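Please keep the sequence and the structure side by side while reading, and look up each residue as it comes up.

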Amino acid sequence: MSKVELEIDGKIARIYLNRPKVLNAIDTELPSLLSRAVKEVGENDEVHVIILAGRGDAFCAGYDLNAFAQEKDNPLTQKMPWDPIKDYRFMWENNEHFMSLFNCLKPVICKIHGIGALAGGSDIALCSDFIFMENNAKIGYMPTRVWGTPTTAMWMYRLGPEKAKRMLFTGDKISGFEAEKLGLVLKAVSKEKLDDEVDSFAMRMTNVPLNQLAMQKILINQAIESSGLLNSQKFATFFDGISRHSREGLNFKKMSEEYGWKKAVKERDDGTYDWSKDRSSNQ
């Protein structure tokens with residue numbers, strides 16, 4: 001069973017994140033499989049629009065913390081002293097895979113349902129051109145509290161500085177309804193209407209010539225790129241590594257190893273733990 005599935009439905013391609021037992025959490029393979037599917041669709045002259053979704057009960061719950069936080073040996077936390085370039089290479093490669101959605105010359109609609117698009121899952125979603133959400137699904141980047149910085153840096157480019165700070169200074173998760181109010185997503189609808197809304201919107205673009213779709217996407221994307229997107233992403237990717245190897249980040253990792261990532265995440269998101277308290281044997 002592939003971790004990313006591709007289905008061609010006439011002029012619409014449907015790409016599914018397919019790790020439903022772990023809420024489509026990101027492992028070492030999923031990012032490259034995603035960009036491979038996007039590339040395949042990009043080379044298909046019959047397809048006009050991509051719909052990106054997740055199997056099971058979520059779009060994507062973020063990086064797989066069983067592997068990346070709870071296990072001692074993994075690519076996200078090195079033994080100290082750490083090598084920032086080794087970390088950067090790993091995360092930048094993932095970032096480029098996520099950005100295949102942004103760089104693809106065909107419109108990409110992301111459909112967020114169930115639990116939602118959290119942490120690294122929001123990185124993937126925000127690289128799409130359009131986002132439709134269930135009213136009660138959640139989106140947010142909780143690791144900005146401890147242990148992360150969103151490497152795609154898309155929050156700023158979608159929300160502007162004040163609203164981006166509102167999300168990234170708190171690490172809050174917000175509903176689809178609030179995300180639409182903030183302008184983060186195009187539309188929030190009920191669970192029952194989500195599929196029909198997305199399919200109807202996709203169909204509106206299927207009769208637009210491929211070259212027209214490509215030119216409009218290039219035109220708008222270059223304005224975003226000209227405003228400094230690449231530089232922002234480089235800073236964000238370096239900062240993401242620093243945040244995971246700071247005292248607070250290492251303490252989060254240590255708690256995940258000792259007590260399980262669910263307890264660490266709960267105390268991070270509740271704000272009940274002083275992460276400057278030394279718990280790391282790596283220091």
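A charge is said to sit over a ring if NZ of Lys or CZ of Arg is within 6 Å of the ring centre and within 35 degrees of the ring normal. In this predicted model, Lys263 lies over the face of Tyr259, at 5.9 Å from the ring centre. The charged end of Arg55 is likewise placed over a ring, that of Tyr16, and the distance to the ring centre is 3.7 Å.

Rings can also pair with one another, and a pair of aromatic rings is described by the distance of the centres and the angle of the planes. The count for this structure comes to nine aromatic pairs. In one of them, the centres of the rings of Phe130 and Phe201 are 4.9 Å apart and the planes stand at 80 degrees, so the pair is edge-to-face, the term used for angles over 60 degrees. Because Phe130 belongs to strand β6 (residues 130-134) and Phe201 to helix α8 (residues 194-206), this pair ties together parts that are 71 residues apart in sequence. Phe130 counts as partly exposed, at 23% relative accessibility, and Phe201 is also partly exposed, with a relative accessible area of 23%.

Another pair, formed by Phe235 and Phe239, is tilted, with 5.8 Å from centre to centre and 45 degrees between the planes. Both residues are found in helix α10 (residues 229-245), where they are four residues apart and therefore separated by about one helical turn. Phe235 counts as exposed, with 55% relative accessibility, whereas Phe239, at 45%, is partly exposed. Elsewhere, Trp147, Phe252, Tyr273 and Trp275 are linked into a cluster by ring pairs.

How confident is the predictor in the chain, as given by the mean pLDDT? The mean pLDDT is 95, and 98% of the residues reach 70 or more. Among the elements of the chain, the lowest mean pLDDT, 90, is that of helix α2 (residues 65-70), while the highest, 99, is that of strand β4 (residues 108-112).

Finally, how many disulfides does a search of the whole structure find? The search finds zero. Cys60 is in no disulfide, and the nearest cysteine sulfur, that of Cys110, is 9.4 Å away. Since a disulfide needs a pair of cysteine sulfur atoms within 2.5 Å, Cys110 is likewise in no disulfide, the nearest cysteine sulfur being that of Cys60, 9.4 Å away. Cys60 is buried, with a relative accessible area of 0%, and Cys110 is buried as well, also at 0%.

Notes
Residues are numbered from 1 along each chain as its sequence is written. This is a predicted model: local features need pLDDT of at least 70, side-chain atom pairs count only at pLDDT 80 or more; totals for chains, interfaces and linings use all residues. Side-chain values use heavy atoms; hydrogens and water are left out. Rings of Phe, Tyr and Trp (its six-membered ring) pair if their centres lie within 6.5 Å; planes under 30 degrees apart count as stacked, over 60 as edge-to-face and the rest as tilted. Helices (H or I, at least four residues) and strands (E, at least two) are DSSP runs, numbered from the N terminus. Buried means under 20% relative accessible area, exposed over 50%, partly exposed in between (1.4 Å probe, protein chains only). pLDDT is the predictor's confidence in each residue, from 0 to 100.
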